[in-house]
Each structure stands twice: as structure tokens, then as C-alpha cells.
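This report describes one protein model with its ligand. Please look over the sequence and the structure before reading on.

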Amino acid sequence: MKPAAFDFHRAASLDDALILLAEHPHAKPLAGGQSLIPAMNFRLARPEALVDLNAVRELVGIRATAGGGLLIGAMTRHATVERSADVQRLAPLLAEAMPHVAHPQIRNRGTLGGSLAHADPSAELPAVALALNATFVVRSRARERRVDAVDFFTGLFVTALDPGELLIAVEIPPRAVRSGHSFLEVARRHGDFALAGVAAELSLDADGRIASARVGLLSVGDRPVLASSTAVLVGREATPAIFASVADAVREEVDPPSDIHADARYRRHLAGVLTQRALAIAAQRALTNPHTP
Ligand SMILES: Cc1cc2nc3c(=O)[nH]c(=O)nc-3n(C[C@H](O)[C@H](O)[C@H](O)COP(=O)(O)OP(=O)(O)OC[C@H]3O[C@@H](n4cnc5c(N)ncnc54)[C@H](O)[C@@H]3O)c2cc1C
């Protein structure tokens with residue numbers, strides 16, 4: 001199918017994009033177009049206008065920050081994130097998740113910001129952003145604000161972005177010492193949207209006890225889910241038994257949908273199994289190959 005008629009504005013700079021969005025309140029930003037254009041072709045989306053961000057250089061790039069974190073521009077392509085040595089070093093969870101996002105052709109066009117702003121509950125990167133405790137930098141013509149990942153995803157394909165606001169960058173905080181990570185998902189074919197997936201980031205204290213543990217889940221609700229059941233891990237030893245009990249709690253915590261791909265019961269089961277495995281792998285990595293900032 002073809003999209004409904006729309007106006008097209010090509011922004012030359014970030015200021016230009018923000019002015020265009022302020023002048024055209026019903027316009028949608030166009031990033032890689034890998035979700036928006038299919039939605040328009042199926043007429044699931046009918047924006048009056050598009051503001052094309054593809055020439056906005058200020059939104060592209062990956063920078064290691066002074067404290068050992070990362071700042072990634074919203075228009076940075078998935079493929080660039082996937083191949084970045086800084087991402088592999090400072091946010092290996094993001095690097096590990098990236099090959100699961102669609103196929104290489106789509107990763108060549110799709111952007112980090114586009115995937116997060118799209119807020120598909122089955123997408124990998126929103127769950128990773130939750131596990132990494134990322135902060136989203138959001139700007140409109142009038143103001144700039146920062147939104148924690150946990151407050152950004154507010155519903156099915158809905159975010160905390162107001163009309164006229166752009167996601168401009170994602171900040172990933174420095175990793176703790178003795179950190180480990182794991183990204184696991186189950187998809188019928190590699191590159192398909194997953195039936196369920198888990199992103200885990202865990203750190204150990206000097207005595208080998210768990211200092212922090214964050215688990216983001218995908219495809220188990222109307223939005224990406226940050227598991228609250230991992231709170232009990234802090235101060236505990238990283239044992240198979242404790243991970244099994246957290247996995248049981250996560251299974252109860254999520255409220256997955258049933259659809260033609262999988263029913264809620266199976267997704268709930270996957271959420272538990274993948275959480276248990278991901279936590280065990282992350283803990284093992286924290287022990288044997290600890291992150292050194
Ligand atoms: C066949 C196929 C398979 C796919 N499989 C997967 C998969 O397995 N996992 C997965 O996660 N994704 C998958 N995708 C989606 C893909 O990853 C997209 O790249 C991503 O969802 C959207 O990124 P984009 O840059 O293309 O955004 P666009 O499609 O350009 O935009 C998406 C939405 O975000 C808004 N937007 C974009 N950028 C900004 C911004 N900076 N600020 C505010 N709003 C913005 C747009 O207005 C639009 O509403 C798949 C896509 C296809 C076509």
C-alpha cells in the first residue's frame with residue numbers, strides 16, 4: 001500500500017528540526033523510517049507532515065563521557081552502535097543486544113533514538129535502556145529536560161515525549177566495577193521480534209555479594225518492564241537458588257499478552273527461564289571477567 005498524502009520538511013540542523021516541529025504540531029519526526037514508513041504504508045499512521053532528521057549532524061555520534069559512561073546521539077544508526085568499540089567496552093549489554101534487532105539492512109538505517117521513541121514493547125533497546133538505567137535527553141524549542149528510562153515508556157507505543165519534543169540523546173551511566181551483563185531472547189527466527197527477552201546488568205561488591213541487579217524485559221506487557229523482583233538480590237550471594245527464586249517472582253510480576261505468536265502462559269514461562277539464565281551469566285561474567293572502568 002501507499003501512505004496517505006503528507007507534507008515533507010527536511011531539517012538542516014537541530015534548531016531547524018525543533019522550529020519545524022513547533023510550527024507543525026501534527027508532524028512526526030522521521031529517523032530511519034524502519035517503523036514509521038511501514039506504519040504509514042499500512043495507514044496505521046497518517047501524519048500530516050514528516051520532519052526528516054537525517055541531515056541533522058548534531059544528533060549523530062557516540063561519545064565516552066568523563067566518568068566512564070556514554071552519550072549516544074538519537075540519530076546514531078543501530079549498525080554504528082553495534083560496531084562501536086566504546087559501546088563494547090562501556091555498555092557491553094547494549095552491544096550484545098544489538099545483533100538481535102531486526103536484520104543488518106534494517107540496522108543500517110534504523111536509529112537508537114527511533115527505536116526508543118517508537119516504544120515497541122517487543123523491541124530490544126527499550127529493555128536494555130531500563131537495565132542500563134539510561135537517561136533520555138529530550139528537547140523542544142522551549143526547553144531541554146532529562147527523563148529516566150523507567151519514566152519514559154508510559155504505554156503501548158506511548159512515551160513521555162510531548163508534542164514538539166525530540167529525543168536528542170541517550171546517556172548511559174558508568175558501569176560499576178565487578179559488573180557483568182547478559183542479553184537473552186527467544187524468537188522463532190533470528191531477527192524476528194522476540195516472543196520474550198531479558199536484559200540483565202549485575203554488579204558484585206568486594207566480598208562477592210550482589211551490589212546491584214537490574215533486569216529489563218521485552219514482549220511481556222504493554223511496555224518494556226523493569227523487574228522489581230530483583231531488589232531482593234542486593235547483599236545476597238549469587239547462587240542458583242536465589243536466581244531461581246527471583247525468576248519465579250518475575251514470572252508472577254509480568255503480565256504478558258497472548259497473540260498469534262505465543263500465549264501469555266508461554267511468555268510468562270520464558271520470562272522466568274530467561275531471567276534465571278541471564279542473571280547467572282551476568283554474575284559469572286562479573287566474577288571471571290569483571291568490568292574495569
Ligand atoms: C522487518 C522489520 C523487522 C524489525 N525487527 C525488529 C526487531 O526485531 N527488534 C526491534 O527492536 N526493532 C525491529 N524493527 C524496527 C527497527 O528496529 C526500527 O529501526 C526502529 O523501531 C525504529 O527506528 P527508526 O530510526 O527506523 O525510526 P522511525 O521509523 O523513523 O521512527 C519511529 C517512531 O519514532 C519517532 N521518532 C524517531 N526518532 C525520534 C526522535 N529522535 N525523537 C522523537 N521521536 C522520534 C518517529 O516519529 C516514529 O513515530 C524491525 C523493522 C522491520 C521493518
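How do the residues of the shell around the ligand divide into nonpolar, polar and charged? The model is a predicted one, and in it the shell holds 15 nonpolar, 12 polar and three charged residues.

**The ligand and its surroundings**

The ligand is surrounded by 30 residues. Pro29, Gly33, Leu36, Thr111 and Glu124 are the closest of these. Three elements of secondary structure, strand E2 (27–30), helix H7 (112–118) and strand E10 (166–172), each contribute at least two residues to the shell. Helix H7 gives the most, with four residues.

| Residue (backbone atom) | Ligand atom | Distance |
|---|---|---|
| Leu36 (N or O) | oxygen | 2.7 Å |
| Leu167 (polar atom) | nitrogen | 2.9 Å |
| Ser115 (polar atom) | oxygen | 3.4 Å |

The ligand taken alone exposes 970 Å², and the protein buries 89% of that area.

**The protein as a whole**

The fold contains 11 helices and 14 strands. Its radius of gyration is 19 Å, close to the 19 Å that the globule rule gives for 293 residues, so the protein is as compact as a globular protein of that length. Along the principal axes, the C-alpha atoms fill a box of roughly 60 × 45 × 30 Å.

Of the 293 residues in the protein, 50% are buried. The accessible surface amounts to about 13500 Å², and carbon and sulfur atoms account for 52% of it. When contacts between residues at least 6 apart in sequence are considered, 62% of them join residues at least 24 apart.

**Helix H8**

Why is helix H8 described as largely enclosed by the rest of the structure? The helix spans residues 124–131, and eight of its eight residues are buried, so it is largely enclosed. The buried residues are Glu124, Leu125, Pro126, Ala127, Val128, Ala129, Leu130 and Ala131. Glu124 is also one of the residues closest to the ligand. After H8 comes Asn133, which has a positive phi, near 60°.

Thr135 belongs to strand E6, which covers residues 135–139. Is Thr135 buried or exposed? Its relative accessibility is 13%, so Thr135 counts as buried. Apart from neighbours within four places in sequence, Thr135 is in contact with Arg146, Val147 and Asp148, and also with Ala169, Val170 and Glu171.

Val215 is located in strand E13, residues 210–218. With a relative accessible area of 0%, Val215 is buried. Which residues is Val215 in contact with, leaving aside its neighbours within four places in sequence? They are Val198, Ala199, Ala200, Val225, Leu226, Ala227, Thr230, Thr275 and Leu279. Val215 is 33 residues from Ser182 in sequence, and their C-alpha atoms are 9.5 Å apart in space.

Methods. Residues are numbered from 1 along each chain as its sequence is written. This is a predicted model: local features need pLDDT of at least 70, side-chain atom pairs count only at pLDDT 80 or more; totals for chains, interfaces and linings use all residues. Side-chain values use heavy atoms; hydrogens and water are left out. A residue is near a molecule or strand if one of its heavy atoms lies within 4 Å of it. A polar contact is a pair of N or O atoms within 3.5 Å; within protein, one must be able to donate a hydrogen and the other to accept it, and residues adjacent in sequence count only if both atoms are side-chain atoms. Accessible areas come from the Shrake-Rupley method with a 1.4 Å probe; for residues, only the protein chains shown count as cover. Ala, Val, Leu, Ile, Met, Phe, Trp, Tyr, Cys and Pro count as nonpolar, Asp, Glu, Lys and Arg as charged, and the others, Gly among them, as polar. Buried means under 20% relative accessible area, exposed over 50%, partly exposed in between (1.4 Å probe, protein chains only). Contact means heavy atoms within 4.5 Å. The radius of gyration is taken over C-alpha atoms; the globule rule is 2.2 Å times the number of residues to the power 0.38.
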